[in-house]
Amino acid sequence: MCFAGARRILRGGWWSPSLIGAGASLASLFGASFLASTLVPISSEAALFAVLKLHAELAWPAIGVATLGNTLGGLTTYLIGRYFGARKPLTHLERVTRYGSPLLALAWLPLVGDALCLAAGWARINWVAVALWSAAGRFARYWVVAQGALW
């Protein structure tokens, strides 16, 4: 693409928010949120921010989709720890065992969150409690991001 074409896009030549529909935006947000909570280094917050800038009317559905995708991705990491992990000691295993599922409210944190989900699976903590605490923490994070995007 030449520079003139790029300038036309930035000026709003043929680009419009309707170019990416609401359904496609939410589907992309779900995928980005799911992948971001595994070991793939992408930002689900940036995806949510972009969706809300294009479709501000989708604030609550977008927060819900991002929370669901990110929680399901975290549960995938939990399952990896539960079923496919080698029986070696983990750094976060002691903390997760000591504090239990409420510690998973911090599962949204970069790097540490993936390790917490993996350790929770390794320690065989109740998956329902893990899902609920994890979803609560992730929802709070996405709500804060949405407030920033809509302000």
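Helices (H or I, at least four residues) and strands (E, at least two) are DSSP runs, numbered from the N terminus. By that rule the chain has 7 helices and 0 strands, and Arg124 sits in the loop between α6 and α7. The model is predicted: local features need pLDDT of at least 70 and side-chain atom pairs count only at pLDDT 80 or more, while totals for chains, interfaces and linings use all residues. Residues are numbered from 1 along each chain as its sequence is written, and side-chain values use heavy atoms, with hydrogens and water left out.

**Overall make-up**

- Along the sequence the pattern reads α-α-α-α-α-α-α.
- Of the 151 residues in the chain, 38% are buried, where buried means under 20% relative accessible area, exposed over 50%, and partly exposed in between (1.4 Å probe, protein chains only).
- Contact here means heavy atoms within 4.5 Å. Among contacts between residues at least 6 apart in sequence, 78% join residues at least 24 apart.

**Helix α7**

- Helix α7 covers residues 127–150, and at 1.5 Å a residue its 24 residues should span 34 Å; the end C-alpha atoms are 33 Å apart, which agrees. The expected span is 1.5 Å times one less than the number of residues in the helix.
- Asn126 caps the N-terminal end of α7, with a side-chain oxygen 2.9 Å from the backbone nitrogen of Val128. A polar contact is a pair of N or O atoms within 3.5 Å; within protein, one must be able to donate a hydrogen and the other to accept it, and residues adjacent in sequence count only if both atoms are side-chain atoms.
- The buried residues in α7 include Val130, Ser134, Gly137, Arg138, Arg141 and Tyr142.
- The cover over the buried residues of α7 includes α2 (22–36), α3 (44–54), α4 (59–84) and α6 (112–122).
- Ala131 lies in α7 and is buried, with a relative accessible area of 14%.
- Leaving aside neighbours within four places in sequence, Ala131 is in contact with Thr71 and Leu75. Ala131 and Tyr78 are 53 residues apart in sequence, and their C-alpha atoms are 9.5 Å apart in space.

**Nonpolar cores**

- A nonpolar core is a set of buried Ala, Val, Leu, Ile, Met, Phe, Trp, Tyr and Cys residues joined through side-chain atoms within 4.5 Å.
- The largest nonpolar core has 17 residues, of which Leu26, Leu29, Leu48, Leu52, Ala62 and Tyr142 touch the most other members.
- The elements giving two or more residues to this core are α2, α3, α4 and α7; α4 gives the most, with 5 residues.
- Leu48 is in contact with Leu29, Ala62, Ile63, Tyr142, Val145 and Ala146, leaving aside its neighbours within four places in sequence.
- A second, separate core of 15 residues includes Leu103, Trp122, Ile125 and Val130.

- Leu93, in helix α5, touches Ala119, Trp122 and Ala123, not counting residues up to four places away in sequence.
- Just after α6, Arg124 takes a positive phi of about 60 degrees, in a residue other than glycine. Arg124 is partly exposed, with a relative accessible area of 40%.
- Pro102 is in the loop between α5 and α6 and is partly exposed, with a relative accessible area of 39%. Pro102 and Val130 are 28 residues apart in sequence and 7.6 Å apart in space, C-alpha to C-alpha.

**Largest pocket**

- The largest pocket has a volume of about 300 Å³. A pocket is an open set of points on a 1 Å grid over the protein atoms alone, where a 1.4 Å probe fits, with protein on both sides within 12 Å along at least five of seven lines; lining residues have an atom within 4 Å of a point.
- Grid points are joined across faces, edges and corners, and the volume is the space filled by probe spheres set on the points.
- Of the 19 lining residues, Ala36, Leu109, Pro110, Leu111 and Asp114 are the closest to the centre of the pocket.
- The elements that give two or more residues to the lining are α3 and α7.
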